[in-house]
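Welcome to this short tour. Open your viewer, get your selection tool ready, and follow along one stop at a time.

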Amino acid sequence: MPCAKINYQKKLDDTLCNIKKNGKTPVLLLHVCCAPCSSYVLEYLTHYFNIVIFFYNPNISPDKEYVYRLEEVKRLVNEIPLENSVEIIEGEYNPQLFYELAKGLEALPERSERCQKCISHRLEIAAETAKKIGADYFTTTLTISPHKDSEFINSAGGKISEKYNVPYLFSDFKKKNGYKRSIQLSAEYNLYRQSFCGCIYSKIQSQQKGCEV
């Protein structure tokens, strides 16, 4: 018989409940890809954590797109009410790293091995950075997108967590109307909502399908 799917929202609820009972405010390193995906996640998690945003996305191209997304994240943090502290760390932007990961996989669709390699790499650098700064947890906003494989993201995060000995905050941020709320917040703050995930291959595919992340 196939294994039952893990309820990652329930895992998140349990973790947040324990944090509230503990009475302390832990530090969360939050990998983010763009302002729209960050909006709901920041609104949600600011009640439980001091957040260090980690903008690490070598997959995003061209350079102008990368800079625009980063500036939109900075603007969002300055404008949205947040209960606890939030700071931003920018990771190294080296698109060549992504092209090396994607070599031979360029024609594959989203959620494919190309995406898995890209996401795993970003999660690994996030965990490494979390350990370096002494964060109590790390996670990513990527599970808010209905186009992303939350099962894979959480599984990869859990494995990487063991390697770096930093707890991974399991999530499925699209639940509890999280994705819907991100759209509302994007409209409220006039955020740039990109039409592709970030890499040139997703841009080509989204143009063909007329998708929105």
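Start by selecting R75 and E79: both sit in helix 3 (residues 63-79), 4 residues apart, which is about one turn of the helix. Keep in mind as you look that this is a predicted model. R75 and E79 form a salt bridge, with their closest N and O atoms 3.2 Å apart.

Together, E72, R75 and E79 are linked in a network of salt bridges.

Which of these residues are buried, and which are partly exposed? E72 has a relative accessibility of 7%, so it counts as buried. R75, at 24%, counts as partly exposed, and E79, at 40%, counts as partly exposed too.

Select E43 and R181, whose side chains meet in a salt bridge of 2.7 Å, N to O. E43 belongs to helix 2 and R181 to helix 7 (residues 178-188), so this pair ties together parts that are 138 residues apart in sequence. Both partners are partly exposed: E43 has a relative accessibility of 24%, and R181 has 26%.

Select strand 1 (residues 27-32). Here 5 of the 6 residues are buried, so the strand is largely enclosed by the rest of the structure. Strand 1 runs parallel to strand 2 (residues 50-55), and 6 bridges join them. To get from strand 1 to strand 2, the chain passes through helix 2 (residues 35-45), making a right-handed β-α-β crossover.

**Next stop: the surface**

Select Y99, I200 and I204. They form a nonpolar patch on the surface, with about 220 Å² of accessible area together. Y99 lies in helix 4 (residues 95-102) and counts as partly exposed, at 31% relative accessibility.

**Last stop: the whole view**

Zoom out and color by secondary structure to see 8 helices and 4 strands. The C-alpha trace spans about 50 × 45 × 35 Å along its principal axes. With 213 residues, a compact globule would have a radius of gyration near 17 Å, and the 16 Å of this protein agrees with that. Of those 213 residues, 50% count as buried.

Methods. Residues are numbered from 1 along each chain as its sequence is written. This is a predicted model: local features need pLDDT of at least 70, side-chain atom pairs count only at pLDDT 80 or more; totals for chains, interfaces and linings use all residues. Side-chain values use heavy atoms; hydrogens and water are left out. Patches are made of residues with over 30% relative accessible area and no salt bridge: like charges are joined within 9 Å, nonpolar side chains (Val, Leu, Ile, Met, Phe, Trp, Tyr) within 5 Å. Accessible areas come from the Shrake-Rupley method with a 1.4 Å probe; for residues, only the protein chains shown count as cover. A salt bridge is a side-chain nitrogen of Lys or Arg within 4 Å of a carboxyl oxygen of Asp or Glu. Helices (H or I, at least four residues) and strands (E, at least two) are DSSP runs, numbered from the N terminus. Buried means under 20% relative accessible area, exposed over 50%, partly exposed in between (1.4 Å probe, protein chains only). Two strands pair if DSSP finds at least two bridges between them. A crossover is right-handed if, with the strands pointing away from the viewer, the path from the first strand over the helix to the second runs clockwise. The radius of gyration is taken over C-alpha atoms; the globule rule is 2.2 Å times the number of residues to the power 0.38.
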